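Reader: Before I plan any reading of this protein, could you take me through its side chains, one question at a time?

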Amino acid sequence: MKHPVLFLALLASLGAAEPSLPKLEQVISERFRGLPAPIVPTLPRGVKMAVTATGPDAQGHVLDGLTHLQGGWDLEAYRHFCSALRLDPECLMAHWGIVVALIDPEPDLADERDAALARMVDLVERGVGSELERSYALGLALFFHDGAAAAAKAFSKMSEKFPNDPQLRLMAAAFGRTGYEADGTARPDQKKAEEWIEGLLASDPDHPLYLIALLTIRAEAPHTSQDLERARRLGELAPNYPPALHLLGHYESCGGHWTRAIAAFGQAADAYGRWMGDMGMAHVDCPGWVKAECCRAAALAAKGDYPIAFAVAGSIAEIDVPAERAASAGGWLLMWEGRTLEARLRMRRSLSGDVGAALASLPDPKAQQVYKDRSRAMWWYQGLAIVLEARKALEEGDFDKARKISDALALHGEAMSKSRATAAAAGERSAWNRAFVALEISACELRGLMAMAGPKEGLGSAFNWYRAALDRQTPPSLLMPPALLLPMSVRLAEYHLARGEAELAIAVLNEAQARHPRDSELLIRLQKALAEAGRDAEAEKVAGEIERMKSE
């Protein structure tokens with residue numbers, strides 16, 4: 001299989017159309033040399049495929065790498081593929097696997113990804129590997145040259161030619177997923193991707209990799225209850241595999257099953273922790289641990305268990321991030337998520353003293369100077385600090401000061417918007433976008449709080465501000481908790497209650513329960529609204545639900 005125009009164009013885009021291609025050493029990161037061998041996937045079944053390699057050990061590493069790849073553990077997949085290349089430097093599927101494992105690399109691994117891609121293209125041009133393996137390479141090359149849709153189409157066609165290779169359909173689904181419309185309807189290509197995996201599950205409902213694939217591409221669906229039992233089945237099949245446990249925690253959270261979610265996230269973090277200890281890895285090398293602990297803290301807060309949530313957040317914030325590793329996969333999560341988590345948890349609770357404690361929990365600006373050339377997280381810290389200072393002024397009854405600080409937040413947003421390109425270049429695109437939108441929502445919420453605290457004739461404008469905040473608060477991505485942890489429906493309900501419109505508050509809160517089931521802050525307001533509406537029996541029922549949730 002030869003596609004000279006496509007492959008030459010790809011090589012040129014990499015700057016690799018030179019007499020000598022990258023050496024093997026350029027594919028294998030120095031960071032991971034000398035570490036213990038990568039772990040064998042703790043899954044009951046993995047990928048089966050005929051791999052062209054010089055021996056069974058190299059083949060085994062490729063298969064383990066492919067299993068980790070489909071299982072959601074990209075770093076261990078990468079390390080297995082590197083182990084395979086040490087045994088067989090011309091193994092095509094090992095090169096292919098490295099490129100996929102590093103498809104959206106942290107800056108420190110971008111060169112390794114590009115070197116593997118250039119070498120993969122060269123191997124295909126020289127006819128190395130089977131027809132099936134070269135087809136895999138073509139599909140991946142199409143992704144880099146023409147985009148995800150072209151890759152999905154290519155892998156779909158390959159699955160028709162090689163019907164006995166289910167991984168081709170998994171790849172087609174991974175590249176073909178396009179998400180959901182605002183009304184929750186799956187977009188056409190998303191629906192097709194789900195149908196491909198559903199077809200695999202129809203014949204093999206307990207295959208862990210098929211379950212992981214479907215649960216991953218449906219993780220952002222507005223209604224996840226249909227897949228909760230599948231997530232629980234995955235947890236039974238893979239009780240020691242951390243990516244599977246994180247998926248389970250996500251689906252339990254989406255259903256408001258907080259105790260189960262907390263347990264699953266805790267088990268995932270424990271499993272990642274054991275791996276770090278065994279491998280001699282640091283938290284900056286383990287984004288899965290950071291995500292799991294952040295999600296556990298968010299689930300604890302949703303359940304109403306704030307003291308433990310604050311303790312978890314505090315332990316994450318204390319983890320050291322060397323300046324040179326700030327842009328690593330674990331590093332940017334610690335910088336953007338871990339170091340702001342306690343502040344965001346306290347912003348959610350908003351009891352007396354929480355604003356001051358939230359401000360105190362934010363990173364010291366002077367201590368962050370070491371990261372100024374490596375991370376744009378300081379924009380996030382500064383934005384949150386401005387929001388909190390304004391809320392503090394409101395608490396103190398200084399409306400004019402709050403208004404001036406709110407104006408400063410708008411200026412901060414304008415300045416921060418100019419850092420978008422540098423954030424993307426530093427591998428922080430998703431973190432920057434998440435923080436920027438969160439600050440936009442916070443700005444709307446703040447304006448609403450100011451309207452509520454100001455003259456009575458201005459109370460009506462709070463509705464528009466809170467509605468704008470709610471409209472901007474979309475479901476989180478990347479299996480992360482929301483950047484802002486308080487559902488904005490709470491603020492809208494508070495507005496209606498302030499106007500004596502208890503029934504409207506009840507309607508808002510009941511609608512919100514569909515998106516945030518059993519959220520403690522929603523339930524507290526719902527109980528209050530029902531009581532004010534004279535619906536005492538229902539209020540008592542909600543109060544009982546709050547108490548049951550606390551005692552779980």
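## Buried residues and charged pairs

Author: In this predicted model, His412 has a relative accessible area of 8% and is therefore buried.

Reader: In which helix is the place of His412, and which residues is His412 in contact with, leaving aside its neighbours within four places in sequence?

Author: The place of His412 is in helix α20. Once its neighbours within four places in sequence are set aside, His412 is in contact with Trp379, Gln382, Gly383, Ile386 and Leu439.

Reader: Is Gln368 buried or exposed?

Author: Gln368 lies in the loop between α18 (354–361) and α19 (377–395). Leaving aside its neighbours within four places in sequence, Gln368 has contacts with Met335, Arg339, Pro363, Met378 and Tyr381. Because its relative accessibility is 6%, and the cut-off for that class is under 20%, Gln368 counts as buried.

Reader: How many salt bridges does the structure hold?

Author: Side chains of opposite charge can pair when their charged atoms come close. One example is the salt bridge in which the side chains of Asp204 and Arg45 meet. Counted over the structure, the number of salt bridges is 46.

Reader: How many residues apart are Asp204 and Arg45, and where does each of them lie?

Author: The side chains of Asp204 and Arg45 meet at 2.7 Å, N to O. This pair links distant parts of the chain, with Asp204 in the loop between α9 (188–203) and α10 (208–217) and Arg45 in the loop between α1 (4–13) and α2 (56–71), and the separation is 159 residues.

Reader: Which of these two counts as buried, and which as partly exposed?

Author: Asp204 has a relative accessibility of 19%, and so counts as buried. For Arg45 the relative accessibility is 33%, so the one that counts as partly exposed is Arg45.

Reader: Which parts does the salt bridge between Arg325 and Asp108 tie together, and how many residues apart are they in sequence?

Author: The side chains of Arg325 and Asp108 meet in a salt bridge at 4.0 Å, N to O. Because Arg325 lies in the loop between α15 (306–317) and α16 (329–336) and Asp108 in the loop between α4 (92–101) and α5 (110–125), the pair ties together parts whose separation in sequence is 217 residues.

Reader: What is the relative accessible area of Arg325, and what is that of Asp108?

Author: Arg325 is buried, with a relative accessible area of 12%. Asp108 is partly exposed, and its relative accessible area is 36%.

Reader: Which residues are linked with Arg525 and Glu521 in a network of salt bridges?

Author: Arg525 and Glu521 both lie in helix α26 (residues 520–532), four residues apart, which is about one turn of the helix. They form a salt bridge whose closest N and O atoms are 2.3 Å apart, and both are buried, Arg525 at 13% relative accessibility and Glu521 with a relative accessible area of 5%. In the network of salt bridges, Arg525 and Glu521 are linked with Arg391, Glu445, Arg491 and Glu494.

Reader: Which residues gather in a patch of negative charge on the surface?

Author: One of them, Asp400, is found in helix α20 (residues 399–417) and, at 46% relative accessibility, counts as partly exposed. The residues that gather in this patch of negative charge are Glu389, Glu395, Glu396, Asp398 and Asp400.

Technical notes:
Residues numbered from 1 in each chain as written. Predicted model: local features only at pLDDT ≥ 70, side-chain atom pairs only at ≥ 80, totals over all residues. Heavy atoms only, no water. Helix = DSSP H or I, 4+ residues; strand = E, 2+ residues; numbered from the N terminus. Buried < 20%, exposed > 50% of the residue type's maximum accessible area, 1.4 Å probe, protein only. Contact = heavy atoms within 4.5 Å. Patch = residues over 30% accessible without salt bridge, like charges linked within 9 Å, V, L, I, M, F, W, Y side chains within 5 Å. Areas by Shrake-Rupley, 256 points an atom, 1.4 Å probe, with all protein chains shown as cover. Lys, Arg positive; Asp, Glu negative; His and termini not counted. Charge placed at Lys NZ, Arg CZ, Asp CG, Glu CD.
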